[in-house]
Amino acid sequence: MPQNKRYIYVNAFEGLPKLTDFELITEDVPSLQSNEVLCEALYFSVDPYMRAHSNWMTEGQTMIGTQVAKIVESAHDKFPVGSLLFGDFGWQLYTVCNPGVTHSCFDRRSPQLLSDLNHFPASLSLGVLGMPGNLAYCGLLEVCKPETGEVVVVSGAGGAIGSIVGQIAKIKGCKVVVVSGAGGAIGSIVGQIAKIKGCKVV
């Protein structure tokens with residue numbers, strides 16, 4: 001079996017997270033039991049919510065986060081080798097889990113097989129096709145319900161969710177005003193929004 005590498009949480013964040021707030025450890029991967037699979041991480045999420053959720057973490061816990069992972073060994077007939085999983089496995093290289101039960105740093109959902117995205121990268125499952133995209137879609141279209149021609153102001157437009165909200169609003173025929181703090185993100189926003197007629201940058 002391969003060796004796992006994982007980042008554990010060792011210090012509460014003060015200001016910006018530092019390397020000393022984490023520790024990288026190496027450990028043996030356990031052998032599979034019935035209905036378990038071994039997943040190798042392909043993509044990790046790094047999201048703002050992690051800071052707030054760290055208040056409930058304990059020292060030595062694997063740093064929370066979502067992954068797209070590939071099944072490299074399987075003892076489960078419904079989860080064959082080569083399949084891709086979406087799961088809350090945290091910041092680690094390998095994960096052993098039973099996909100039929102909850103395995104999550106949030107204890108809220110079981111790992112899910114990813115649909116075939118054709119030629120699109122699987123990493124989209126952590127972005128526009130994942131939590132950020134779902135929040136943007138539901139928040140704008142099901143809660144705000146903007147009409148064509150209305151003005152939609154997007155704060156935090158440089159973030160994962162805000163950047164998607166702005167695009168959906170424009171597709172819906174709204175006038176979009178994006179707001180972002182100064183920094184690296186604003187240059188990217190200006191460049192993208194400048195290409196879209198009817199949008200303004202604040």
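Guide: C138 is partly exposed, with a relative accessible area of 31%, where buried means under 20%, exposed means over 50% and partly exposed lies in between, using a 1.4 Å probe and the protein chains only. This is a predicted model, in which local features need a pLDDT of at least 70 and side-chain atom pairs count only at pLDDT 80 or more, while totals for chains, interfaces and linings use all residues. Residues are numbered from 1 along each chain as its sequence is written, and side-chain values use heavy atoms, with hydrogens and water left out.

Another cysteine, C97, counts as buried at 2% relative accessibility. If a disulfide is taken as a pair of cysteine sulfur atoms within 2.5 Å, the count comes to zero. C97 accordingly takes part in no disulfide, its nearest cysteine sulfur being that of C39 at 4.5 Å.

The part to look at closely is the sheet. Helices (H or I, at least four residues) and strands (E, at least two) are taken from DSSP runs and numbered from the N terminus, and two strands pair if DSSP finds at least two bridges between them. Five strands form an open sheet in the order β6-β3-β4-β5-β7, with antiparallel pairing. The edge positions belong to β6 (94-97) and β7 (112-113), each of which has a single partner strand, so one side of each is left without a neighbour in the sheet.

From β4, four bridges lead on to β5 (residues 84-87), the two strands running antiparallel. Within that pairing K70 stands opposite L84 in β5, and V68 has F86 of β5 as its bridge partner. F86 also has a bridge partner in β7, namely Q112, and the pairing of β5 with β7 is antiparallel over two bridges.

A salt bridge is a side-chain nitrogen of Lys or Arg within 4 Å of a carboxyl oxygen of Asp or Glu, and a search of the whole structure finds two. In one, R6 pairs with E27, the closest N and O atoms being 2.7 Å apart. R6 lies in strand β1 and E27 in strand β2, so this pair ties together parts that are 21 residues apart in sequence. R6 is buried at a relative accessible area of 16%, whereas E27 is partly exposed at 26%.

In the other, D21 pairs with K18, with 3.9 Å between the closest N and O atoms. D21 sits in the loop between β1 (3-9) and β2 (22-28) and is buried, at 2% relative accessible area, while K18 is partly exposed at 40%. Where contact means heavy atoms within 4.5 Å, D21 touches I8, Y9, V10, N11, A12, F13 and L16, leaving aside its neighbours within four places in sequence.

On the surface, M131, L135 and I161 form a nonpolar patch with about 230 Å² of accessible area together. Patches are made of residues with over 30% relative accessible area and no salt bridge, like charges being joined within 9 Å and nonpolar side chains (Val, Leu, Ile, Met, Phe, Trp, Tyr) within 5 Å; accessible areas come from the Shrake-Rupley method with a 1.4 Å probe, and for residues only the protein chains shown count as cover. M131 is found in helix α2 (residues 131-144) and is partly exposed at 31% relative accessibility.

For the chain as a whole, there are four helices and 10 strands, and 38% of the 202 residues count as buried. Among contacts between residues at least 6 apart in sequence, 59% join residues at least 24 apart. The accessible surface comes to about 11700 Å², of which 55% belongs to carbon and sulfur atoms.
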